Amino acid sequence: IVFYGHNRKDGTMFGSLKNCLNKEWCENEKNRTIIVCYPNKNVKYEVFSVYSIENEEYYLDTNFSTSEEFNLFLNKIKERSVYDFNVDLDSTEEIITLSTCGITSKTRVVLHAKK
């Protein structure tokens with residue numbers, strides 16, 4: 001699942017997502033869990049990757065032909081992280097992606113978390 005939000009200057013919506021690029025944010029245990037509220041349940045996700053990237057779209061992929069292809073994708077987005085969250089991943093993971101514009105219109109701030 002991919003969630004997009006505006007990077008609002010007043011910090012609303014995904015305006016604070018850029019903070020995930022700071023070492024202090026990453027080291028704070030409270031920031032490592034994301035709770036998504038669905039109509040019938042709340043689901044917890046564990047952050048495993050945060051980074052800033054040029055305007056690319058590969059990180060938005062949601063369809064993979066094989067588990068090997070998905071594992072390659074997971075490894076690539078994990079390697080991009082500015083911080084090592086020490087989270088193990090495999091092809092059975094359900095992940096979410098949070099994405100917003102970066103400091104410039106040519107970059108994106110991205111966060112990935114597993115269920």
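## Briefing: strands, core and rings in a predicted model

In β3, the bridge partner of Thr-33 is Glu-46. Thr-33 belongs to β2, and β2 pairs with β3 in the antiparallel sense over 5 bridges. Two strands count as paired if DSSP finds at least two bridges between them. This is a predicted model: local features need pLDDT of at least 70, side-chain atom pairs count only at pLDDT 80 or more, and totals for chains, interfaces and linings use all residues. Residues are numbered from 1 along each chain as its sequence is written, and side-chain values use heavy atoms, with hydrogens and water left out.

**Confidence**

- The mean pLDDT of the protein is 88; pLDDT is the predictor's confidence in each residue, from 0 to 100.
- A value of 70 or more is reached by 92% of the residues.
- Confidence is lowest in strand β1 (residues 2-4), with a mean of 85.
- Confidence is highest in strand β3 (residues 42-54), at 95.

**Overall build**

- The protein has 2 helices and 5 strands. Both kinds of element are DSSP runs, numbered from the N terminus: helices are H or I with at least four residues, strands are E with at least two.
- From the N terminus on, the order is β-α-β-β-α-β-β.
- The radius of gyration is 14 Å, close to the 13 Å that the globule rule gives for 115 residues, so the protein is as compact as a globular protein of that length. This radius is taken over C-alpha atoms, and the rule is 2.2 Å times the number of residues to the power 0.38.
- Along the principal axes, the C-alpha atoms fill a box of roughly 40 × 35 × 30 Å.
- Of the 115 residues, 38% count as buried. Buried means under 20% relative accessible area, exposed means over 50%, and partly exposed lies in between (1.4 Å probe, protein chains only).
- Take the contacts between residues at least 6 apart in sequence: 59% of them join residues at least 24 apart. A contact means heavy atoms within 4.5 Å.

**How the strands pair**

- A hairpin of 4 residues joins β2 to β3.
- β2 has two faces: Ile-34 and Val-36 are on the covered one, while Thr-33, Ile-35 and Cys-37 are on the uncovered one. In a regular strand the side chains alternate between the two faces of the sheet.
- β3 and β5 run antiparallel and are joined by 8 bridges. Ser-49 stands opposite His-112 in β5.
- β4 and β5 also run antiparallel, with 7 bridges between them. Here Ile-96 stands opposite Ala-113 in β5.
- A hairpin links β4 to β5 through 5 residues.

**A closer look at β5**

- β5 is mostly covered, with 7 of its 8 residues buried.
- Thr-107 lies in this strand. Thr-107 counts as buried because its relative accessibility is 15%.
- Leaving out residues up to four places away in sequence, Thr-107 touches Ser-52, Ile-53, Glu-54, Thr-100, Cys-101 and Gly-102.

**The nonpolar core**

- The largest nonpolar core has 31 residues. Such a core is a set of buried Ala, Val, Leu, Ile, Met, Phe, Trp, Tyr and Cys residues joined through side-chain atoms within 4.5 Å.
- The elements giving two or more residues to this core are α1 (23-27), β2 (33-37), β3, α2 (67-79), β4 (95-101) and β5 (107-114).
- β3 gives the most, with 7 residues.
- Residues with the most contacts inside the core are Ile-34, Val-50, Tyr-59, Leu-74, Ile-77 and Leu-111.
- Beyond four places in sequence, Tyr-59 touches a list of residues including Tyr-51, Phe-73, Ile-77, Arg-108 and His-112.
- In soluble globular proteins, nonpolar side chains tend to be buried together.

**Aromatic rings**

- A search of the whole structure finds 4 aromatic pairs. Rings of Phe, Tyr and Trp (its six-membered ring) pair if their centres lie within 6.5 Å; planes under 30 degrees apart count as stacked, over 60 as edge-to-face and the rest as tilted.
- Phe-64 and Phe-70 have ring centres 5.0 Å apart and planes at 50 degrees, so this pair is tilted.
- Tyr-83 and Phe-85 form an edge-to-face pair, 5.0 Å centre to centre with 65 degrees between the planes.
- Phe-64 is partly exposed, at 24% relative accessible area. Phe-70 counts as buried at 10% relative accessibility, and Phe-85 is buried at 6%.
- Phe-64, Phe-70 and Phe-73 form one aromatic cluster.
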